[in-house]
Every structure is written in structure tokens, then in C-alpha cells.
Amino acid sequence: MSFVRVALDVPVATLFDYRAAAVASDDIGRCVLVPFGKKVAVGVIIELARTTSLPPQRVRSVLSILHDVPPLPPDVLALLKFCSDYYHHPLGEVVLNALPTRLRRRPVPKLQTASHYRLTQTGRAVDLTTLPQRATIKRELLRRLLAKSRAGVDAATLNAVAARAPAALKTMVALGWVERAPLAGATECGTPPRLGPGLELNPEQRTAIDSVRCAPAGFTPWLLLGITGSGKTEVYLQLIADALAGGKQALLLVPEINLTPQLEALVRARFPGIALVSLHSALNESERLHNWLAAQSGAAGIVLGTRLAIFTPLPRLGLIIVDEEHDASFKQMDGLRYSARDLALVRAKQRAIPIVLGSATPALETFHNALHGSYRMLTLTQRVNAVPPAIECVDTRRKPLIDGLSQALLNAVRETTKRGEQSLIFINRRGYAPVLICPGCGWTSGCHRCAAKLVLHLGDQRLRCHHCGHQERIPAACPQCGNQDLVPLGQGTQRIESALARIYPDARILRIDRDSTRRKHAWNEMRRQIHAQEVDILVGTQILAKGHDFPQLNLVGVVNADSSLYSTDFRAAERLFARLTQVAGRAGRGASRGRVLIQTEFPAHSLYQALRRHDYPAYAQELLAERRQAGFPPFVHQALLRAEASRLEVALDFLARAARNGARIKGAVTIYDPIPAGMARLAGLERAQLTVEARSRSALHAFLREWRAWLDAAAGRNVRWSLDVDPLEL
Ligand code: ADP
Ligand code: ZN
Ligand code: ZN
């Protein structure tokens, strides 16, 4: 009698035991259908067992093992187990989360694609006449495969050759003669990958690449610290070329917003003979499944993906690159709150391969590791074809602003337009104004479901909550005192756009934010307009900040940056520096030197000073010194227990009990008092949080393991809690 322990997509931290008649160790990682309650669920076999602690009459049987779905390989299972332990999240949810949606829902599709075989180079070289006389099945299989050496033959045809054909095929795969055929678009087997010519490297790029090449094989984490426009992408591409030439797969992780068709096209164009698949949330379910299968079968040489791609099975994985490694989108902010960047390091270590983390402004944790820890640092300090932009501060104290714009910035925009070049005004807020107020009584437009203000949107004359999506009509008069003169306070992209249109009626202005790019293809069309020079002034948010190359863009104006300077979140300054570096990096990528004007009331602030000198390392050292002194990460390790309830007291009370219980657990951790969350009310739920901190990671995790048991048992119906390990937002 044997049993299997199965991971199921349910929020409890156990596996489920089922009876299974004929299972072997190579069934571990396979999908199964099992009865669960009154339903049938898809699960994944995690372990085999001879016994179970359940009473025999309660153990149910596996309904079927899904043999045509490729099993999760041991290294991915190990990564998932690590992820479950580290983030204290139920293994079942972690495992099922890693499968494409199509595979975790019934009916699980029949997978033809995975059962297609063809000869390898070795296989094609096999001399049929040297095979032993008795090997008739093998010979027949080889003959059929040879006849279709390009396209391969489907498994059903091959298996039909003889009763023992499946076994013979398996042997031939083991001998390296036959492989699962790659999906459409993949490299023809045998042909060495056609690698397009790389660019001629500059000395810094050369040094970076040679350092990685010359490092001993095995796990080495690299930080590629390169200013914007220094040609990090070219370094990635040539390292990827190395990996491909060695028969390996490369995984390139990028932030959601950077995964553009342009990047994909760039990588494809460089490696025309290599199958590249992308994995990200914008794919539909069957595309995701198809791409996942191509990755796991080894057919795809390059996997380009966002954070979820870190869990993809990659049998020949030889290199991981995390571009813009500091980007917050690598961290999932709900459910399983994992950091794909951190898991990428775990995975590289596990697979004993190099990993390159690239950024102009690495996360302080990463930079700290490169200075004092185990990472090795590579630097690119020069822009490839240009000098970095000149960054200046415009002191806005005691100077009148016109709809938030200074005269200095307006003048610069005018001159830029006159020269036929483009300007960008960056403001990290969409809408017209972030709040509507009544000067009579002080009423402000608040969201009734969130601790947030409703943002005034002009186009359709509505007030919108950017947190929960609630929207309402703009009131004709103050709901509190009846005053009809309500005033929009502060600026958003729409307000900047209309101010510029008023001041420069002849300029062609384009606003680029989530609202204006919502329509499908809108952003593509806008990019075309910018490249075709049909635009003089761009007004945009974050969307514009990343990775785009607009050769005519020479002036960047930054409006409203100060608000992040004195935030209660200790990471706010780090993020602001990164964001401004990104935005400034858009200026002057073409022929003439770019100029960046930052409007601020604090021109002497060390953040702006370091930014002007393009000196990330100095500012990072300063922030690290502050963090060390204040006892913040990376000098301590944190976890956040979040609680949500319909009343704040209920959430706070739960956290207070959790704190008291935690105090009983031995270990060198500090438990702070429960407090309302930064965003204390969201979509109608009150939120509170509690920070736990320790000098040592292992002490923190030992504590969390024990605490979890109590949390699981104590939470009632009226409170929802979640643990966030290494939280990014406090
Ligand atoms: P980063 O990612 O570091 O901001 P990019 O990789 O976007 O910089 O490179 C900036 C520009 O320089 C790109 O247009 C790229 O094609 C070009 N480039 C990079 N390396 C070279 C090189 N060695 N020779 C010529 N052009 C290069
Ligand atoms: Zn009023
Ligand atoms: Zn809201």
C-alpha cells in the first residue's frame, strides 16, 4: 500500500494524504486529480509515503495521475518549499501558484505539444548498421525520426510502432539520441544557435563581461551597477549569448512596466535562431501555458518574464539576470508576498549558476551585499554615446508657481521647443488635482471606503479614488456648508497639461499616464508620435520613466518631488532617488546634452545634491549609515503582521493578542506595538500592522515558525491576517 502527500490550493499549511496504487519516485511533482470535500481538485504530488497518520477509512484515493502534464522538477519543488518556509505561506498555495492557471483548473487540457520527439545531433549520427540485430524497435523508431528530422514525430505515432516502443523511446532519450521536440519557432536541433553580432563593447562593458566569464563556474551573484544609458542591456545580451552557446537557458527577469514589445523584439532580433518566450500577467491563459511548456521542455532558450517567471521549470538553466533589480514590482504585494529578486538568488545558488542583478540605483540591501557581503560588483560609469544630463534644482521657495510650474522651467520648455527638441514634465500623479477642498469650511473630498482623498479628474468630471476604484460626480457645492466655490488643490498630470496648453497654445502636448494609455495600443501610437516628432511636450507619470529611448527628448522637468523627502516610510528617499535617476535618464539620449530641472523647496537636500553629481554610491552610503544608526534594514530583518477587520479596534486587538503571545516565544526578536497601517482604511476595511524585527534572519524565522501556529489557531472570522517577510511598504 502506498500513499502520496499532495499539495492543494487551500490556505492551510499541510499536505493531504491520498492512497495511490502505482506510484514511483518520478511521480513526485506530477499533477493529480483528487477528491477534496465534495469536489475534485488538481494537486501536486510532493512526497511518497508508506504510512499515513490518518485513520484508514478516512484516506481517499487519487483519482488519476496526469501523466501528460510534465512534472514539476525537483529543483523547482525545492524552490517552492523554500518559498513556503521563508514567507511562511502554505505550501499548497505556493506550489499551485507556480503552475499556469490552465493546469490548476479542471479540466486540465490535453497536452499534445509536450509529447513530440525528434533526433538530437547525436541521434542523427547514430549508424543504424551498428545497432545490434535484435534492436528492431529502436531501428524502426530511428528510421521514422530520421525521415522527419526537422519537424519530429508525435509520441502517439512512435508509441504505436510496437508494444515496447515507449520503453525504447525512453532509453533513447536517456542515451541523448532523442529529445522532446521544441515548440514552434525553436532552434533546429543540431544547428548551433545563430547569434547575431553583438555591439562593439566599450572598455567598461568589456571588463564587466570578462569578469563574469572568467569567474569560476558555479554560483556567483553579480551586481551590475551602471548609470542610465551605460549599456547594461548589451552586457546582459552578451552574457546570454555565452549561456546559449554553452547549450544553456537564460532567464531574464524585468519589472512589469519594462517588459515592452520593444525589449522583446530587441532580444529576439539579437538571437534569431533561439526560441524566446515571455511570461507575464498580460498573456492569456493558453499563451502562458504554451510558453511555460516551452520553457520547461527546454525548447525555449530564453525566458523573458516578470516576477512570476522565477518559478518556471528550466531544465538547462545557466544564467539568471534581474534587470532593474531594485524595482518594487519584483515583490508581490498581496497573497504570497515573495520577492522574485530574492528567490532568483536562491535559485541561482541552488542551480550553482551565475546571477546578474542590474540597476543604476540598486536596492540598499543589494548594494550593502556588494560592499560587504557576498556579491561582486561590476560598474559602468559612462553613458555609451553621450554624457549624463546636467541636473539642476529650481528653488521654488518664495517664487510664484503657475499651476505648479516655475518660470525657470517654463522658459526652459520654451527654448527646448524652439530648438525643435522635446521636453518632458514628470509628475507622479495622474488626474487634475489630488483633492478638492472647500475654502469656506475646510471640507475635502475623501473616499468613504479608504483613508484617501478622491482625485479630481477633468475629462469626465469625476472624483476618483486611486486606491479602491470608487468614483462619484463632482459635487456642485460643498456637501458640508453649501459653498459653491470648491477649489482643486495641488497638481496632477491633467492640470499640468492644461496649464501648458494655455501658456503655449501652439505647442503639441501629449499626456501619458494610466488614464490616457488605457485604451489598447494607445501607448504604441503615442510612442510612434513621439519618435516621429509629432509632439513637443510630454506630460507623464512613472510610465514614461522607465527604459524608453526618445532621442529628441532633451529637457526633463520634475514637479512635486519633495513630498517623498520627509515621508514616514524609511524607504521613501531611496525610492525617490531611484525614480528621479530613472526620469533624469530619459534626457539627452540623443545627440545633445540633456538637461534636468527639479523644482524643489529643498535644493540643498543631500538627495538632490547626490543626484546632481550622478553619485548613487555616495548617497547610498549615506542612507546606509542612517539605516545602521536607526536600526533599519538591511541591518535588521523585519516581518510585518498585517490585520484587516471591519473595525479598527478588532484588528488592533488581534495584533495586541498576537504581540502578547509572541512575547512568550523565546528568541532575540523585538515585537513593536500594533499601529494603524499607513493606509488605515482601504476599500471599506480597517487595517493595522505590527512589526517584528531581529538582528539575525534565522532568529526571525525561528520565531515566525512558532508564531504562525498561534496565528493560524487564533484568527477568527472577523479578522484577516497576513505575514509579510522583508516588507517593502510599512
Ligand atoms: P542602460 O540599460 O544601461 O540604461 P542601454 O542598455 O539602454 O542602457 O544602452 C543605451 C544605448 O546605448 C542603447 O541604445 C544601446 O543600444 C546603446 N549601446 C549600448 N552598448 C553599446 C555599445 N557597446 N556600442 C554602441 N552602442 C551601445
Ligand atoms: Zn464647505
Ligand atoms: Zn477608496
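Predicted model: local features only at pLDDT ≥ 70, side-chain atom pairs only at ≥ 80, totals over all residues.
**Zinc, ligand 2**

I started with the zinc ion (ligand 2) and looked up its protein donors. They are the SG atoms of Cys438, Cys441, Cys478 and Cys481, lying 2.2 to 2.4 Å from the metal. I then checked the geometry: the angles among the 4 donor atoms run from 104 to 115°, and the site is tetrahedral. Along the sequence the spacing reads C-x2-C-x36-C-x2-C. Cys438 sits in the loop between strand 19 (435–437) and strand 20 (455–457), while Cys481 sits in the loop between strand 22 (471–473) and strand 23 (487–489), so this pair ties together parts that are 43 residues apart in sequence.

Are these two cysteines buried or exposed? Cys438 has a relative accessible area of 1%, so I put it down as buried. Cys481 comes out at 43%, which means partly exposed.

**Ligand 1**

I listed the surroundings of ligand 1 and got 17 residues, the closest being Glu200, Gln205, Gly229, Lys232 and Thr233. Then I went through some polar contacts to its oxygen atoms. A polar side-chain atom of Thr233 is 2.8 Å from a ligand 1 oxygen, and one of Lys232 is 2.9 Å from a ligand 1 oxygen. Gly231 contributes through its backbone, with a polar atom 3.1 Å from an oxygen of ligand 1.

**Helix 11**

Last, I ran a length check on helix 11 (residues 285–296). Its 12 residues at 1.5 Å each should span 16 Å, and the end C-alpha atoms are 16 Å apart, so the two agree.

At the N-terminal end I found a cap: a side-chain oxygen of Asn284 lies 3.1 Å from the backbone nitrogen of Ser286. After the helix comes Gly298, with a positive phi near 90°.

Which residues of helix 11 are buried? I noted Arg288, Leu289, Asn291, Trp292, Leu293, Ala294, Ala295 and Gln296.

Technical notes. Residues numbered from 1 in each chain as written. Chains lettered and ligands numbered in written order. Heavy atoms only, no water. Helix = DSSP H or I, 4+ residues; strand = E, 2+ residues; numbered from the N terminus. Expected span 1.5 Å × (residues − 1). Buried < 20%, exposed > 50% of the residue type's maximum accessible area, 1.4 Å probe, protein only. Polar contact = N/O pair within 3.5 Å; in protein donor to acceptor, adjacent residues only side chain to side chain. Near = heavy atom within 4 Å. Donors = N, O, S within 2.8 Å, 3.2 Å for Na, K, Ca; no water. Tetrahedral: all angles 85-135°; square planar, octahedral: opposite > 155°, others 65-115°.
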